Amino acid sequence: MSGGLHCVGCPIDDIKEEKVVRLTAEESAIADGGAGEAAAMGMRIVVEMARLMGARELIAITSAHIDGCLYHGDGGVEFAERLVALRGRVAVPTTLNVGALDLITPKRVHSNPHQATMARRLMSAYVELGCEPTWTCAPYQAGHRPSLGEHVAWGESNAVAFANSVLGARTNRYGDFFDICCALTGCAPLVGLHLEINRQATVLVETSAVSSRLKQAGEFYPVLGTWLGATCGSEVAVIDGLPADLPEDWLKALGAAASSSGAVGMFHIAGVTPEAPDVSTALGGRVPRRTISLTPEAVRATRDRLSTVHGGRIDAVAVGSPHFSLAEFAQLERISSGRRFSVPFYVCTGRSTLEQLESTTGSAGLVQRGVEIVVDTCVVVTPILPSGGGVLMTSSGKFAHYTPANTGYEVVYGSLEDCVASAEAGCVIRDESLWS
Amino acid sequence: MDSNLVGRVLIPGNAAGPLFLLDSPISFWGGVDPHTGVISDPRHPNHGRKISGTVLGVPATIGSSSSSAIMLELLRNGTAPAALLLGIHECILVLGVIVARELGYPTIPVIELAPAALARLPADQPVSVTEQGSVLY
């Protein structure tokens, strides 16, 4: 069982007998209402999940990241408001993922009045429970960076992949509801990626057939991630043969794409990520269950599948999934300097990154060129794009994955440079030379 | 209905409906419209079909952990399947049902089956699920 909460690769026949979940005296006291009714409800859900996941016991966590603050419907609001009514309060430092509103520039989002009201009630409820109003899918860019070996309970698939793979913290994929239950109780089922053995790679990915030029390009990593998710699902892979100096933003993009196309909770990159000083360590000294050689043909096919159209007019550009970092803002500033966009160019980011941007280089230049900075939320989770549909261009593998179903837009994938050139021209301009 | 399979009961209950076995893995978030119960991901092979009221066979799930929220909304809106038959060990959809139970919404049975058993069930034929985890067809 490699993926814990979401063991897609786990054959049913292998599932062991359900175990009784043994609670410590402290955990039992929470279950009995000693820490209040909300924590007791949280503990009921944590223990039920622990039983389903085959855990024998719970583990104390040091922090949580909550995905449940994004409005999906009124049931989620009723749940959060029930916890508030029961006087719930998080037991560990807890950050919040995106909501369905841009609280800084509310007019950006065109939700109907009911949705806007409910989304705001949901966001308020989570703040009332004691969570920090970070409103970002990249809490690791907002100062929330657990260290190697720390047990945490994080939601939001890209953040989970990042915490496990890049930071070496230990978390399963805690989705809506489960995340806040862990935060209220301060514990999580000891299973899946909390356990050393399940963090070791079982799949080895060789990349020697891929050109080093492509490996040095940021736009390769969302494609690699998309391929990884589709190929490995929840199996933990170690990827060999990548440059040792991969920027954090490329690792972020890889994990986000991998956890969109498959249930990837963790990956290793030999010589790069903290639990993979080399291939053998990442594999835990074992022989890989499978070795896969990534071919240039597979890379090209995956890149093509990220787009539903491949040329012609575009109606908007959106970048920043996961949320844009300061380094990405600096890159955009550099490559868009002196240009003017003819279509809306949305950059999604967290409020803490925006504050840092404003206190350093500022955003005036970008705004003048036609950039619209979306904060606290993003374009695939709430209505921001102009209505009526059209073609959206993006440099994000995650946006490429979710745009058609969530927005009704066609999508075309390109590098950030491609996005800038296309936004200026109003039609798809892509540098194809890297991929041929 | 003279054949039966027995699975692992994740959420007990009785239910019946036509079997709808998904042709490929799905993410409920971004893949199913909670208001209509229709599969909304244009890249899914069953795009446009309705899951409401069916005994839904899910060979595997992918993508967002927000799928539990969509499961909760389906139950709240009365657009949920009649039962879930999971061909994988996954807890995200089950969590949506557990939260629905805490909130007092109607819930549905969830049964885990071996993938080969799931694949053996007759497409679109009536099947029923019992409290003990039997799937009758």
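1. The model is a predicted one. Phe177(A) is not a glycine, yet its phi is positive, about 80°. Its place is the loop between α5 (157–167) and α6 (178–185) of chain A.

2. Arg87(A), also other than glycine, has a positive phi, near 65°. The residue belongs to the loop between α3 (74–85) and β4 (94–96) of chain A. Is Arg87(A) buried or exposed? Arg87(A) is exposed, because 12 other C-beta atoms lie within 10 Å and the class takes in residues with 12 or fewer.

3. The peptide bond between Ser321(A) and Pro322(A) is cis, with omega about -5°. Pro322(A) lies in strand β11 (residues 316–324) of chain A.

4. The largest nonpolar core comprises 194 residues, and Val46(A), Cys182(A), Val317(A) and Leu85(B) have the most contacts inside it. Helix α2 (residues 37–53) of chain A supplies the largest share of this core, eleven residues. Apart from neighbours within four places in sequence, Cys182(A) contacts Val46(A), Ile61(A), Ala64(A), Ala153(A), Tyr174(A), Cys187(A) and Ala188(A).

5. In chain B, helix α1 (residues 67–77) packs against helix α2 (residues 92–102) at an angle of about 45°, and their axes are 7 Å apart. The two helices, α1(B) and α2(B), are therefore oblique to each other. The contact involves Ser67(B), Ser68(B), Ala69(B), Met71(B), Leu72(B) and Leu75(B) from α1(B), and Ile92(B), Leu93(B), Leu95(B), Gly96(B), Val97(B), Val99(B) and Ala100(B) from α2(B). By type, the residues of this contact are ten nonpolar, three polar and no charged. The crossing of α1(B) past α2(B) is right-handed.

6. How many of the eleven residues of α2(B) are buried? Nine are, so α2(B) is largely enclosed by the rest of the structure. Among the buried residues of α2(B) are Val94(B) and Ile98(B). After α2(B) comes Gly104(B), with a positive phi near 80°.

7. The contact between the chains draws 36 residues from chain B and 39 residues from chain A. On the side of chain B that touches chain A, the elements giving two or more residues are α1, β6 (89–90) and α2 of chain B. That side of chain B divides into 19 nonpolar, ten polar and seven charged residues.

Conventions:
Residues are numbered from 1 along each chain as its sequence is written. Chains are lettered from A and ligands numbered from 1 in the order in which they are written. This is a predicted model: local features need pLDDT of at least 70, side-chain atom pairs count only at pLDDT 80 or more; totals for chains, interfaces and linings use all residues. A nonpolar core is a set of buried Ala, Val, Leu, Ile, Met, Phe, Trp, Tyr and Cys residues joined through C-beta atoms within 7 Å. A residue is buried if 20 or more other C-beta atoms lie within 10 Å of its own, exposed if 12 or fewer, and partly exposed in between; C-beta atoms are placed from the backbone. Helices (H or I, at least four residues) and strands (E, at least two) are DSSP runs, numbered from the N terminus. Two residues are in contact if their C-beta atoms, placed from the backbone, lie within 7 Å. Axes are lines fitted to C-alpha atoms, for helices over the stretch in contact, and angles run from 0 to 180 degrees between N-to-C directions. Angles under 35 degrees count as roughly parallel, over 145 as roughly antiparallel, 65 to 115 as roughly perpendicular and the rest as oblique. A crossing is left-handed if the near helix is turned anticlockwise from the far one by less than a right angle, and right-handed if clockwise. Ala, Val, Leu, Ile, Met, Phe, Trp, Tyr, Cys and Pro count as nonpolar, Asp, Glu, Lys and Arg as charged, and the others, Gly among them, as polar.
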